[in-house]
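I opened the notebook to look up rings, helices and cores. The entries follow in the order I checked them.

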Amino acid sequence: MTVVWVTGNSGTGKSTVCGVLRARGHVALDADEDGFCRWIDRATGEVVLDPPDPVPEGWLDHYGWTIVRERVEALAEESRLRIAFLCGSAENEDDVRDLFDALVCLVIDEDTLRHRLATRTTNTFGRHPEELAAALKWNPRMRALYDSLGATIIDASKPVTEVVDSVIDAIQAPRGDA
């Protein structure tokens, strides 16, 4: 029926939203944890099997976090009878956007972003200065990009239950009204 891409910058709460959606009985998958994304060498396309953590200086200039189109196609096929949420972010999102029936972008302010990346316990991305700089660079760009694509923009600095309610409301409201 509907495959929803719940995206946003690192630290906006995509994984947390995914967990709450699951707890509420929805089909919700985390693109990072459920095998939809991987690191690749941008020059060769080779998959990086054991990426460094934290990344060394300059690493993010050569390697990218990408989503695998075939995995999203399989999800779309499997989700023909009910709504599925795929929560994540990847630099090649434009390669899979056509597979989603709805787009939701979680946004937060810079102070909240800095705090979440410094204190989260689910993964370490954003703690290293190079990763933090990349996240800060992309934070305003995500909103602008997804606004231009007609996505529902949700302030993810609110309590998680409100954010999840807004995500669900976004797919239930007619386009443009959420």
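Over the ring of which residue does the charged end of Arg71 sit? I found it over Phe36, 4.1 Å from the ring centre. I counted a charge as over a ring if NZ of Lys or CZ of Arg is within 6 Å of the ring centre and within 35 degrees of the ring normal. The charged end of Arg141 likewise sits over the ring of Trp138, 5.3 Å from its centre.

Ground rules. I am working on a predicted model, where local features need pLDDT of at least 70, side-chain atom pairs count only at pLDDT 80 or more, and totals for chains, interfaces and linings use all residues. Residues are numbered from 1 along each chain as its sequence is written, and side-chain values use heavy atoms, with hydrogens and water left out.

Aromatic pairs. I found 4 in the structure. Rings of Phe, Tyr and Trp (its six-membered ring) pair if their centres lie within 6.5 Å; planes under 30 degrees apart are stacked, over 60 edge-to-face, the rest tilted. Trp39 and Trp59 are edge-to-face, because their ring centres are 4.8 Å apart and their planes stand at 70°. Trp39 is in strand S3 (residues 37-41) and Trp59 in helix H2 (residues 59-62), so this pair links distant parts of the chain, 20 residues apart. I took helices (H or I, at least four residues) and strands (E, at least two) as DSSP runs, numbered from the N terminus. Buried means under 20% relative accessible area, exposed over 50%, partly exposed in between (1.4 Å probe, protein chains only). Ring pairs join Trp39, Trp59, Tyr63 and Trp65 into a cluster.

Helix H6. Val163, Val164, Val167, Ile168 and Ala170 are buried here. They cover an arc of only 155° around the axis, so they sit on the same side of H6. I took the arc from the directions from the helix axis to the C-beta atoms. These residues pack against elements including strand S1 (3-8), helix H1 (14-23) and strand S6 (102-107). Contact means heavy atoms within 4.5 Å.

Helix H1. Lys14, Val17, Cys18 and Leu21 are its buried residues. They fall within an arc of 105° seen down the axis, so they line one face of H1. They pack against S1, S2, S5, S6 and H6.

Cores. I counted as a nonpolar core a set of buried Ala, Val, Leu, Ile, Met, Phe, Trp, Tyr and Cys residues joined through side-chain atoms within 4.5 Å. The largest has 23 residues, and Val17 and Val167 are among those touching the most other members. H6 gives the largest share, 5 residues. A second, separate core of 20 residues includes Trp5, Ala31, Ile67 and Ala90.

Backbone. Is the peptide bond between Asp53 and Pro54 cis or trans? It is cis, with omega about 5°. Pro54 is in the loop between S3 and H2. Just after H1, Gly25 takes a positive phi of about 95°.
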